[in-house]
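Reader: I have a model open and some questions about its parts. Shall we go through them in turn?

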Amino acid sequence: MGLFYVTDNIPLFVKGLAGNTSLSNARILVLQESAGERLFPVLLNEEEYEVLENAMMRQSYPTLEMMMRLVKTAGYKLESVKLLGARDGKQLTEMLFVNEAHDSISMSADIGNGIAAAIKTDCRLFIPRKTFEEQYRLTNSPEAMAVPLNAMPAKLLEEAMDDAVKRDDFELAKALRDELRRREGKEE
């Protein structure tokens, strides 16, 4: 294991999947640091949730089977999966493949397929320390979970904003509205 892997990254393991009762569209992948108790939640869309549910509950990996066969045929194996930072409601992973000559190739995948590949191959799963620490600062509690607004899909932002208005939490509603407007301005 290289020094970079240990010092600049936090190894993770999959703790489970969860839904949120107050926000019907929230699907959450719960990751935990391997050497501690801190949690790292990742919001999933329905498709990503289904991919992970199939991988975890049924050991079924339909979207990965062909890719993994092709990679194996080329002499590569999956060495690690790294979570990349969230942006505009999307969470990506980077999958690193290596061969016997220590040549490597990497490819990005959505969070569902990246984590499913890590589960299937039992490879290392990690996140850059800076990304983990920035999100963990939102709660500063091993028992609580929070995600940054830029990790929330637009549909969930809208639902959360409606919920915040109903609860008279206008500060949160404004933050959610501002994030939605930022994304709309970016798309124009």
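Author: One term comes up below: a contact means heavy atoms within 4.5 Å. The model is predicted.

Reader: Which residues of helix H3 are buried?
Author: Buried means under 20% relative accessible area. H3 spans residues 65-73. Its buried residues are Met67, Met68 and Val71.

Reader: Why do these buried residues line one face of H3?
Author: Look down the axis of H3. The buried residues line one face of the helix because they fall within an arc of 95°.

Reader: Which residues are exposed on the other side of H3?
Author: Exposed means over 50% relative accessible area. On that other side, the exposed residues are Met66, Arg69, Leu70 and Thr73.

Reader: Which residue with a positive phi follows H3?
Author: The phi is near 90°. The residue is Gly75.

Reader: Where is confidence lowest in the protein chain, and where is it highest?
Author: The chain averages a pLDDT of 84, and 88% of the residues score at least 70. Helix H1 (residues 3-7) is lowest, at a mean of 50. The highest value, 95, belongs to E4.

Reader: How many contacts does the stretch of residues 1-5 have beyond near neighbours in sequence?
Author: Its pLDDT is below 50. Where pLDDT is low, predicted coordinates should not be read in detail. In the model, the number of such contacts is seven.

Notes. Residues are numbered from 1 along each chain as its sequence is written. This is a predicted model: local features need pLDDT of at least 70, side-chain atom pairs count only at pLDDT 80 or more; totals for chains, interfaces and linings use all residues. Side-chain values use heavy atoms; hydrogens and water are left out. Buried means under 20% relative accessible area, exposed over 50%, partly exposed in between (1.4 Å probe, protein chains only). Helices (H or I, at least four residues) and strands (E, at least two) are DSSP runs, numbered from the N terminus. The arc is that of the directions from the helix axis to the C-beta atoms. pLDDT is the predictor's confidence in each residue, from 0 to 100.
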